[in-house]
Amino acid sequence: MAEVQAANVQLATGSAATIGGSRKSLWQRFEPTVLGTATIIALLLVWQFLPDLIPMKAGTKLFFAVPSQIVGTLWSMFATGMIWAPLGVSASAFAIGLAMAILVGLPLGVLLGRSATLNAMFDPFITAFNATPRLVFLPLLLLWFGIGMWSKVAVVFLGAVFPLLINTYEGVRNSDRLLVNVVRSFGANEWDIARLVVVPNAMPFIIVGLRLAIGRAVLGVVVSEFFGSQDGLGVVMVRAASEFKVNIVFAGLIVFAGLSLVMTGLVKLLENRMTRWRPEHLNAE
Amino acid sequence: MAAGTAPGMNFIARYRKVVLGGFAVAVFFVAWQAIFLIVPYNPLFISKPSAIAEGFVDLIQSGDLLDDLAVSAIPFFYGFAAAVLVGVPLGIVMGWRKRVGEALDPLMTVFYASPLVALAPLVVIFFGVGVGGKAVIVFFLSVFPFVFNAAAGVRAVDPLLINVVRSLGGGEWDLYRKVIFPSVLPYIVAAARIAVGRAMIGVLVGEFFAASEGIGYAISRFGDIFATDRMFACILTVMAIAVVLTEGIRFAERTAFPWRAGN
């Protein structure tokens with residue numbers, strides 16, 4: 001499954017980065033950071049000075065927002081406070097949808113991981129919904145929930161619930177049979193098994209699912225606001241685009257990317273907090 | 001998830017998963033059809049399987065569905081092909097040349113992590129709502145899985161094989177052709193599976209915006225005119241296509257690279 005593969009890649013690169021660091025010269029250690037930063041800076045500089053280097057028609061210049069303009073726009077959006085109302089609308093749709101996805105995805109994932117029969121019955125639906133871009137349901141959701149908050153929440157929920165569900169399921173399936181049998185021998189019921197063995201064991205998978213879910217949720221907010229909404233940051237962006245205010249579109253993109261980064265950072269903190277007891281974690285530190 | 005099937009198992013036990021899954025799907029559609037015997041049926045908001053089937057037949061016979069699918073397939077194909085042609089070579093070089101990888105990796109991560117769909121309104125302004133605009137959106141959404149997977153594939157190449165080719169006098173090009181590309185291929189196919197879904201999002205976004213034809217346009221127009229039976233028929237068609245593409249690639253992976261099937 002795509003989600004789980006991404007998990008492996010991320011785990012692999014994460015550990016490789018921590019192991020490599022010890023016996024190297026200062027330059028060797030910082031070379032990747034310096035190279036990576038230099039590329040980004042170089043690109044930004046080219047972008048900034050491109051209008052000066054290449055003669056452009058006035059019409060083309062209209063479309064071309066350089067980084068300094070975009071940063072200026074972003075600054076003024078925060079300084080004047082005009083960003084807070086639309087950002088609040090977008091962020092609450094994001095938060096409600098993601099919370100609902102967690103509330104549904106985690107228990108259902110545990111249940112399907114523990115019951116082969118239920119899993120076999122739900123599998124066709126999960127496969128079908130997970131393969132389909134959830135955007136396709138947007139017109140239907142608009143019909144059902146109307147234009148506004150709840151159709152957005154529904155899109156966010158549909159986007160975020162499947163990575164969580166599938167990763168939880170994989171994590172539960174991955175738990176050690178022996179441990180399950182041990183607690184069961186000591187008289188644990190299914191609830192105890194989930195609480196003591198299965199969920200702690202599935203935690204790294206769940207965290208990866210959560211990270212993927214955040215990306216999908218941000219995507220859901222953006223697209224649902226493009227097509228079926230009257231307020232929110234996505235609406236601000238579409239309106240700006242239709243008025244050729246390219247700098248506002250890029251500023252909005254940066255805010256959405258920032259939202260995604262902040263949430264992923266929070267998950268990272270949560271991950272460190274919750275997996276501190278793991279042996280591989282102790283070795284890496 | 002394919003459990004080992006013992007030879008002595010009977011039919012039901014062996015096909016338990018398929019039987020249960022098929023049963024659940026059948027129950028779902030029957031319940032969907034039957035619930036309107038109790039609940040009042042309002043065709044403006046919901047449809048039922050019999051009406052959807054009629055709508056589907058209608059769309060097939062008039063040729064509208066196939067026309068719309070054909071219109072949507074063209075930008076999908078162009079954008080996806082461009083993503084492969086750009087993403088795979090870029091990823092291979094990034095994985096193979098350590099400095100190139102270090103230089104480009106943060107930039108690519110920034111692009112991959114930011115919701116690039118948010119630039120769709122700009123793309124539409126720059127490139128129009130036709131094939132060009134949609135293909136560009138598809139390209140930007142689907143190129144990064146190829147870049148990252150190709151790079152990861154190269155990093156996973158067995159160093160022994162590289163040394164063998166070098167010892168036998170192979171040059172840089174021989175390395176790419178004989179060792180790197182064959183080892184990377186499974187990663188590229190896996191990337192294609194991820195990218196297919198993203199590319200479909202690209203087509204739909206482009207068509208929801210301001211198209212006058214295409215499957216995404218058909219869905220939103222049927223929604224606007226409350227033709228829920230035909231809207232459901234189109235949605236189910238898109239779902240079927242998505243499942244066939246994704247599971248088809250998964251099947252190809254299992255068949256062509258059975259040693260990776262465990263992943």
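## Helix 11 of chain A and its surroundings

The buried residues of helix 11 of chain A pack against helix 5, helix 10 (190-227) and helix 12 (246-274) of chain A, together with helix 6 (120-127) of chain B. Those buried residues are A:L233, A:G234, A:V236, A:M237, A:V238, A:A240 and A:A241, and because 7 of the 10 residues of helix 11 of chain A are buried, this helix is largely enclosed by the rest of the structure. Here a residue is buried if 20 or more other C-beta atoms lie within 10 Å of its own, exposed if 12 or fewer do, and partly exposed in between, with C-beta atoms placed from the backbone. Helices (H or I, at least four residues) and strands (E, at least two) are DSSP runs, numbered from the N terminus. Helix 11 of chain A is followed by A:F244, whose phi is positive, near 65°.

This is a predicted model, in which local features need pLDDT of at least 70, side-chain atom pairs count only at pLDDT 80 or more, and totals for chains, interfaces and linings use all residues. Residues are numbered from 1 along each chain as its sequence is written, while chains are lettered from A and ligands numbered from 1 in the order in which they are written.

## The crossing of helices 5 and 11 in chain A

The axes of helix 5 (residues 84-114) and helix 11 (residues 233-242) of chain A come within 7 Å and cross at roughly 125°, which makes helix 5 of chain A oblique to helix 11 of chain A. Axes are lines fitted to C-alpha atoms, for helices over the stretch in contact, and angles run from 0 to 180 degrees between N-to-C directions; angles under 35 degrees count as roughly parallel, over 145 as roughly antiparallel, 65 to 115 as roughly perpendicular and the rest as oblique.

On the helix 5 side of chain A, A:P86, A:L87 and A:S90 meet A:L233, A:G234, A:V235 and A:V236 of helix 11, where two residues are in contact if their C-beta atoms, placed from the backbone, lie within 7 Å. By class, this contact between helix 5 and helix 11 of chain A has 5 nonpolar, 2 polar and no charged residues. Ala, Val, Leu, Ile, Met, Phe, Trp, Tyr, Cys and Pro count as nonpolar, Asp, Glu, Lys and Arg as charged, and the others, Gly among them, as polar.

## Chain B as a whole

Chain B comprises 11 helices and 0 strands. Its radius of gyration is 23 Å, well over the 18 Å that the globule rule gives for 263 residues, so chain B is more spread out than a compact globule; the radius is taken over C-alpha atoms, and the rule is 2.2 Å times the number of residues to the power 0.38. Along its principal axes the C-alpha trace of chain B spans about 75 × 65 × 30 Å, and buried residues make up 40% of the 263 residues.

## Two buried positions in chain B

B:G87 lies in helix 4 (residues 64-96) of chain B and is buried, with 25 other C-beta atoms within 10 Å. Not counting residues up to four places away in sequence, B:G87 touches B:V143, B:F146, B:V147 and B:A150.

B:I215 is in helix 10 (residues 215-224) of chain B and, with 27 C-beta neighbours inside 10 Å, counts as buried. B:I215 and B:L69 are 146 residues apart in sequence but 5.5 Å apart in space, C-alpha to C-alpha.
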